[in-house]
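Here's a quick briefing to read with the model open in your viewer. It takes a strand, a helix and a loop residue in turn.

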Amino acid sequence: MSLPAHEIRGIIFDLDGTLYVSPDFAAAIQEAAAAYVAGLKGIVPGQAERLMAATRTLLTEETGGVPTLSAVCIRLGGNVRDLHTFFQERLRPEACLDRNEQVIALLEGFAQRFPLYLFTNNNRGLTKRIIDCLGLNGLFRRIYAIDDTWKAKPDEGMLDRILADTGLKPSEALFVGDRYDVDLRLPEQRGCPVYLSQSIEQLLRLEEILGAGNTL
Ligand SMILES: [Mg+2]
């Protein structure tokens, strides 16, 4: 994979697992989703967790990629709107997430050079609370959240819309995310540069990669 740093004119970041990594908050999301499925099916949360794990395995076999939480909930008869209403009421990012001054400095530096965008399978309400906790308010020119269309990434329609809105050519739009299948596969197929980041160390490496105009 090479990253043509000199061509990049904008960066589209995923949020959860990319701009922060929090096992506690990831567990809270899974727990809330299990509580939602438990209510839906009239079962206890432990049973819902097992059912979701089995569904995740089934969908992985069917599609060849790891499914999103939205896909698992839909397969079990739920809907993404209700799941996110549940998330908004239940999840407390404020209890799990902290500012990371290095990440803030990285994004502030990038924001002076390119427009930055956020493209997330999270909902707008929680996204705002999360970026507040992370100290990243005001750094994104635009936020694309799941409640824009209620279609989760990967979604070709949203990718088209982002490229059209931003006016970026595919070769100019760098996508950064922690899940290749969800965040990066479609943009890469479209000809966009992509960067897989699954830790803060990997995220911080972007500075030297883009700063020096190097290739990966
Ligand atoms: Mg993510």
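A residue counts as buried here if 20 or more other C-beta atoms lie within 10 Å of its own. By that cut-off, helix 1 has Phe 25, Ile 29, Ala 33, Ala 34, Tyr 36 and Val 37 as its buried residues. Keep in mind that this is a predicted model.

**Helix 1**
- Helix 1 runs over residues 23-41, 19 residues in total, and spans 27 Å from first C-alpha to last, close to the 27 Å expected.
- Its buried residues pack against helix 2 (45-63), helix 3 (69-75), helix 4 (80-90) and helix 5 (93-96).

**Strand 1**
- Strand 1 (residues 10-13) is covered on both faces: Gly 10 and Ile 12 are buried on one side, Ile 11 and Phe 13 on the other.
- Strand 4 (residues 173-177) runs parallel to strand 1 and is joined to it by four bridges; here Ile 11 stands opposite Leu 174.
- Strand 2 (residues 116-119) is also parallel to strand 1, with three bridges between the two, and Leu 118 is the bridge partner of Phe 13.

**Lys 153**
- Look for Lys 153 in the loop between strand 3 (142-144) and helix 8 (156-166).
- Lys 153 counts as buried because it has 23 C-beta neighbours inside 10 Å.
- Setting aside neighbours within four places in sequence, Lys 153 is in contact with Asn 121, Met 158, Val 182 and Asp 183.
- Lys 153 and Leu 184 are 31 residues apart in sequence, yet their C-alphas are 9.6 Å apart in space.

How values were computed: Residues are numbered from 1 along each chain as its sequence is written. This is a predicted model: local features need pLDDT of at least 70, side-chain atom pairs count only at pLDDT 80 or more; totals for chains, interfaces and linings use all residues. A residue is buried if 20 or more other C-beta atoms lie within 10 Å of its own, exposed if 12 or fewer, and partly exposed in between; C-beta atoms are placed from the backbone. Two strands pair if DSSP finds at least two bridges between them. The expected span of a helix is 1.5 Å times one less than its number of residues. Two residues are in contact if their C-beta atoms, placed from the backbone, lie within 7 Å.
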